[in-house]
Amino acid sequence: MKMTDNQAKQDALDLTEDSREQEWRSASVVGELFKGVFRWDLIHPYPMQSAADKAIGDEVLLKLEAVLQANIDPEAVDRDQAVPKAALDALAKGGFFGMKIPTEYGGMGLSIVNYTRAMALVGSYCGSTAVWLSAHQSIGVPQPLKLFGTPEQKQKYLPRLAKGEISAFALTEPDVGSDPAKMTTTAVLSDDGTHYLLNGTKLYITNGPEAGLLVVMANTAAKVMNGKEKKQITALIVETNTPGFEVLHRCQFMGIRGIANGMLRFTNVKVPVENVIGKPGEGLKIAFVTLNAGRLTIPAISAAAGKVSMVGSLDWATSRVQWGQPIGEHQAVQDKLARMVSETYAMDSMAVLSAVLADNPHRDIRLEAAMAKYFGSERAWVVADDFLQVRGGRGYETATSLQQRGEVGYPAERMLRDLRINRIIEGTSEVMQLFIAREAMDTHLKFILPLLDNRRSITERLGIVLKMARFYSWWLPKQWIPRWRCFGAKRLSRCNRWYLQRIDHDARRLARSLFLTMARYQIKLEKEQLLLSYYVDIGTELFSMASVLSRAESDLANLSGDKAKALQDLVGITCQASRQRIKGLFKKIRCYSPKKMELVSRAFLNHRYDWMVKGIMGNVS
Ligand SMILES: Cc1cc2nc3c(=O)[nH]c(=O)nc-3n(C[C@H](O)[C@H](O)[C@H](O)COP(=O)(O)OP(=O)(O)OC[C@H]3O[C@@H](n4cnc5c(N)ncnc54)[C@H](O)[C@@H]3O)c2cc1C
């Protein structure tokens, strides 16, 4: 049994490894940080959207805002658990289901940065509507088709999708969430080779119950490679009007209550072979690549949530008087307000930076996008919770109830509920940490994995050892030799330049600590998820500081007087907070000892604490 479990785990890891992009298109600022190199030049000057592209985006945003205002009441969407059909039609008529589709196929052809600006706008108003648009465009049929589709597929489907035919992305199954290797949905090629017969059940498919087109991930015939059978996951375009497709259940959730999400069943659904995206067996790779840029919607929405929190908190903290003064004058509230502004600036800096970089086809942003998603979804949750707390009882009260009593209806509780999903979809935070850790260790794994591959000959392995010796003989000393970089950032204060030097210093500390940890744990490091998460969190803090410092320099060019001073102070507390967290994380690495935690967790799973669970009512039906 143990052997079977281990084999299943190894197969899952192999499949994920085979599906990841092996080569890097360009140097990545985050990837370099983990190698001990702070490439300030890659993000400084802060990458800006061109004026012409911004003008296009501004116009789209104006139209989008008008459509949203005229057709959607976000409170009603939450209450009625549906975005009205008329509102979806109005969005389709305005072309907002085709924002990323090239103009030649009838779409708007927006840049990624303009698309994320649009999604931030929608997300700031109605989380559910943002998910309708995002499930269709960030991960639904248009994106993989744009990246991997044949000219015929693009010609056939993109115009339909641009006009508003809704699509969805179907990967998850009842027994398959973060680990797609266990997928049971199958697509079996017919004897005459003209079509596949699709069978299986998919769960949690956003837009699925209303979609006309789906991209479905399914197992096609396994391939034997190096004497071993390898699973082949294939991406298929499925028309939902094909016989055999049915919606089994519509799921309901804590937040984003107006989305259409469900459990879908496929019974002998005929899918023409022309509907394979890419090649058979490339499905998971297609999903990963699609998600690289697709993930950028969540950081944009997270930053927008921070901005909504700022607006509502400013109003309340200045007008609400308790104990003889506005609540914004009480230090405990000030702490939350300062954190809110600081985290919002950091989320926005990372989100915009990653989106602008993503528009450059030569830049590889898989790590930046994953980090921006991980950081944004985690921090927006904290910020929105602070917003709710600052609003006190009114934070917990619904916007509708507030309005009925004649007060301003800030939707703090709805926003918190809506945001929670972002830590789960498009890669849970835990899975994002593993993804980032894998990519962060790539430099070292490129040597280690082939070395451990016992299919390689002794000569091949000796060659790898020689290459390793050559690489580490210059790389390792570099991580220890102290150095001082001047950083010619013109507008930054001396203090902020010092933070740049700390990033440079901590990047090398991160690289050498990671190297020593890898040397100590070797292949077993994969099991030390907590330890890996500390490294990922240090990298994330460093990227956040770097984004903030680069963005601040650009913003300072347009600010003067009190506003410039306020921004300098903001950058100071943002970097200070990051530094403190980094110090804490290095300490955690030094004192890493998960044994007790594991003992307690295992004891819990073995029912040793059942005696504690008394005096409650079982409310599981
Ligand atoms: C509202 C909503 C919309 C969704 N939309 C879509 C969609 O459009 N298309 C689609 O295909 N799917 C969709 N999903 C599914 C979503 O992507 C999955 O819920 C998510 O990937 C997590 O899978 P899971 O729920 O099965 O959790 P599991 O994978 O079972 O994970 C449970 C917990 O274990 C942790 N965990 C799992 N594996 C590991 C590991 N190796 N190491 C450490 N921790 C681990 C997870 O982080 C999580 O905390 C949606 C889900 C929801 C709730």
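Which side chains meet in a salt bridge at 2.9 Å, N to O? They are the side chains of Glu-32 and Lys-35. A salt bridge here is a side-chain nitrogen of Lys or Arg within 4 Å of a carboxyl oxygen of Asp or Glu, and the structure holds 40 of these salt bridges.

This is a predicted model, where local features need pLDDT of at least 70 and side-chain atom pairs count only at pLDDT 80 or more, while totals for chains, interfaces and linings use all residues. Residues are numbered from 1 along each chain as its sequence is written, and side-chain values use heavy atoms, leaving out hydrogens and water.

**Glu-32 and Lys-35**
- Glu-32 counts as buried because its relative accessibility is 12%; buried means under 20% relative accessible area, exposed over 50%, and partly exposed in between (1.4 Å probe, protein chains only).
- Lys-35 has a relative accessible area of 28%, so Lys-35 is partly exposed.

- Arg-417 and Asp-78 meet through their side chains in a salt bridge of 2.8 Å, N to O.
- This pair links helix α16 (residues 412-419), which holds Arg-417, with helix α4 (residues 74-80), which holds Asp-78, and the two residues are 339 residues apart.
- Helices (H or I, at least four residues) and strands (E, at least two) are DSSP runs, numbered from the N terminus.
- Arg-417 and Asp-78 are both buried.
- Lys-202 and Glu-173 form a salt bridge at 3.0 Å, N to O.
- Here Lys-202 lies in strand β3 (residues 195-206) and Glu-173 in the loop between β1 (167-170) and β2 (186-189), 29 residues apart.

- Salt bridges with shared partners join Arg-20, Asp-364, Arg-366, Arg-438, Glu-439, Asp-442 and Lys-446 into one network.
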